[in-house]
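Have a go at each task before reading the solution below it.

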Amino acid sequence: MVDVTPADAVPPAEVAEMELYHPHSWWTKYVFSQDAKVIAVQYSATATAIGLVALMLSWLMRLQLGFPGTFDFITPEAYYQFITMHGMIMVIYLLTALFLGGFGNYLIPLMVGARDMVFPYVNMLSYWVYLLAVLVLVSSFFAPGGPTGAGWTLYPPQAITSGTPGGQDWGIILMLSSLILFIIGFTMGGLNYVVTVLQGRTRGMTLMRLPLTVWGIFTATVMALLAFPALFVACVMMLLDRLLGTSFFMPAIVEMGQQLQHNGGSPILFQHLFWFFGHPEVYIVALPAFGIVSDLISTHARKNIFGYRMMVWAIIAIGALSFVVWAHHMYVSGMNPYFGFFFATTTLIIAVPTAIKVYNWVLTLWRGDIHLTIPMLFALAFIVTFVNGGLTGLFLGNVVVDVPLSDTMFVVAHFHMVMGVAPILVIFGAIYHWYPKVTGRMLNETLGRFHFWVTFLGAYLIFFPMHYLGLMGIPRRYAELTDMNIMTESAHHLNSFISIMAFIVGFAQMVFLFNLIWSIRHGREAGGNPWRATTLEWQTPETPPAHGNFGKELPIVYRWAYDYSVPGAKEDFIPQNVPGSFGPSREPA
Amino acid sequence: MSVILVFLLVIAGFAGWWLSHQRLTAKPWLEQGVAGDFVGFDRSSLPTAKIGLGVFLAVVGCLFSLFTSAYFMRMGLSDWRPLPLPRLLWLNTGVLALSSVALQCAVVAARRGQVDMVRLGLATAGLTSLAFLAGQLIAWRQLTEDGYLLASNPANSFFYLITAMHGLHILGGLVGLGRTSAGAWNGTRPERLRLSVELCAMYWHFLLFVWLCIFAVLAGWAATFVSICQRLLT
């Protein structure tokens, strides 16, 4: 253990005051704001808005799958467009943007005790480039030929041939341009998140005293900065293939009886680049969720997080390992079986640090003073859902199991459980948890509980039966399967049931949105620290935190973020900026 | 994908070295009531902007490693016809190296507080960089005139794509260089000027390094080198 001397009186910790930009007008305060908190709200609102579009697209898909042949306007082409846009929006424009751009911007400066991000101007640009990316994406709905229908993986050659909706129209061009913009915007924001954690920490906030939320967002951002360039490269090269007739990815191909000018390109090259981004992307979404859920569980079970060091190490290990598993998405691409063996091994190894995290969450709950608040309910639901999705991941990580299950509804069920529902549950929990800090008011409890139960149970009823459909061999990505033998009558009933549940769960999200808006004015006053939490964002002088976050003096950090129910302490939590030691068990060893 | 994996290994090694200095084995639950007196465990003493640029350069390095990875993977297919590199590229390399040297001189001058020399260095760097970009455009021109068009062969496509990406990064750097120069002429605070000149130099050295790497790749030396290594290993 490091030799440390307890010292109660320390001079104010205004370490190298950063040059804080002070807004002069309404425009620079609320629109072109350089304040990370405003940017966070802008990011979240934009991500939610585009997420609603994706939600509606999923309804349209479920209409078709549950009641095939009933709705004339859902042609097979339209169905592919819905599927593509739903996937791309949810994974990139909603989850990535909300976790890193939304929660990252809001929480990092507050949790590490900084006045703002280190490069506020670049941070502002990041949001506006993101907004531009979203607008370009949305514009493809109104372009001639509609959005691209290439599937969210955009595999060539089909993505840019004329058989695919948007392939020879504007759809794919706008999609690729939008992704390139998103990556540029994200890089600007990501630099901020990383460097703020490195350089913006207040006095006493060592790395090992960071709340796990910050660890999760930090590691995810590092991964995203290294993984998104792969998507960038893939997008630029495909754009050249489409616009200038190069042959990076396009093999010699005959389309509608005509030989295209492409020659000799490699679609597998695209798959490598895409999944080199695509697999880390799963953890870019999952690691912030891991971090946030750790803090939710600890706070609402009034108990320190079990195995903090292990949690940190596991986050780092998952981040590093996730870069060497990408080809498990390509088992059926005809690759060398030895590669398959290698990637199956690394894939299964990732289960170890992930399982450590799950055990630690459960052990944090063990004998905790569990308050079943709404954030806690969502956190518990996350653990269940994540374990479920993770276990099917072990199935699919094995080559021999993956080959028959590949491209069936089983895969759809798996990834929706593990990277759709699970992170979204954490996002909901986090919104219920931090909304009082952002607005100063609590969200409505009754509506919240309704939202939780319908969402959690409903999501299970949607995605659990899908595993069975997959095991029956029902393929994904098909607009209509009515005439096939495998589509038994029971499978049809199950599909209709799933669709109805999807509408109910979607409806619950409308209730949630109503709650978000209604509570801004009518919610119960929250006070500064409604959850009696220890981390710095709850210790700000004003709620919502004012410009500059911490008033005149930055807080000094004296302890880690998880001093809950310390024996001998007056209250059951000790904020990080409170000096002094408590209790017999805590004498320096 | 081996190039990018090697690059990430370097990044991981650096991250591991840094993390090993961050007391990751500390037991924070035993360290209550302590003011932040862990020497060296807080922020780095480097200027924040330099760390920011360092992180950005890691992203840029990642981007070019991925292009190189794709280059090597595509190269293995049968339709690859390597193109003769214009000899002008050697001159361009020299010009880019010159602008790097000029910026290094500007850094030295800024540290000594000689504003005139800083201005001279910045101006030289700006002009030589523009000359480099012009040279690259002329090289493109020569290639197209010789019939090596963008879409006619993947080797050509990669040549244009990678040089264009590199040129765009130089162009972006010129924006920063322009702002620094504006500061140098309008009399910013000396320590501020010094920092921005140092940032420019860091960026230019890195882009020179990237250029040397991709020059080696595009000229085929990198592939020869790799195959020699492979033969040595087997």
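**Exercise 1.** Is R302(A) buried, partly exposed or exposed, going by its C-beta neighbours inside 10 Å?

*Solution.* Keep in mind that this is a predicted model. Start with the place: R302(A) sits in the loop between α7 and α8 (308–321) of chain A. Next, take the count, which is 16 C-beta neighbours inside 10 Å. A residue is buried at 20 or more and exposed at 12 or fewer, so R302(A), with its 16, counts as partly exposed. While you are there, look at the backbone: R302(A) is not a glycine, yet its phi is positive, at about 50°.

**Exercise 2.** Work out whether R367(A) is buried or exposed, and find its place in chain A.

*Solution.* First, the loop between α9 (337–365) and α10 (374–397) of chain A holds R367(A). Then count again: 9 other C-beta atoms lie within 10 Å, so R367(A) is exposed. Its phi is also positive, about 60°, although R367(A) is not a glycine.

**Exercise 3.** Describe how α6(A) and α7(A) pack.

*Solution.* Two packed helices are described by the angle between their axes and the distance between the axes. Here helix α6 (residues 212–244) and helix α7 (residues 267–300) of chain A meet at an angle of about 160°, and their axes are 8 Å apart. Angles over 145 degrees count as roughly antiparallel, so α6(A) is roughly antiparallel to α7(A). The handedness of their crossing is left-handed. To finish, sort the contact of α6(A) with α7(A) by class: 26 residues are nonpolar, 5 polar and 2 charged.

**Exercise 4.** How many residues does each chain bring to the contact, and which helix of chain B gives the most to its side?

*Solution.* Chain A brings 59 residues and chain B brings 45. On the side of chain B that touches chain A, α1 (2–20), α2 (48–75) and α5 (154–186) of chain B each supply at least two residues. The most come from α2(B), with 13 residues. By class, that side of chain B has 28 nonpolar, 10 polar and 7 charged residues.

Conventions. Residues numbered from 1 in each chain as written. Chains lettered and ligands numbered in written order. Predicted model: local features only at pLDDT ≥ 70, side-chain atom pairs only at ≥ 80, totals over all residues. Contact = placed C-beta atoms within 7 Å. Helix = DSSP H or I, 4+ residues; strand = E, 2+ residues; numbered from the N terminus. Nonpolar A, V, L, I, M, F, W, Y, C, P; charged D, E, K, R; others polar. Axes fitted to C-alpha atoms, helices over the stretch in contact; angles between N-to-C directions. Parallel < 35°, antiparallel > 145°, perpendicular 65-115°, else oblique. Left-handed = near helix turned anticlockwise from the far one by under 90°.
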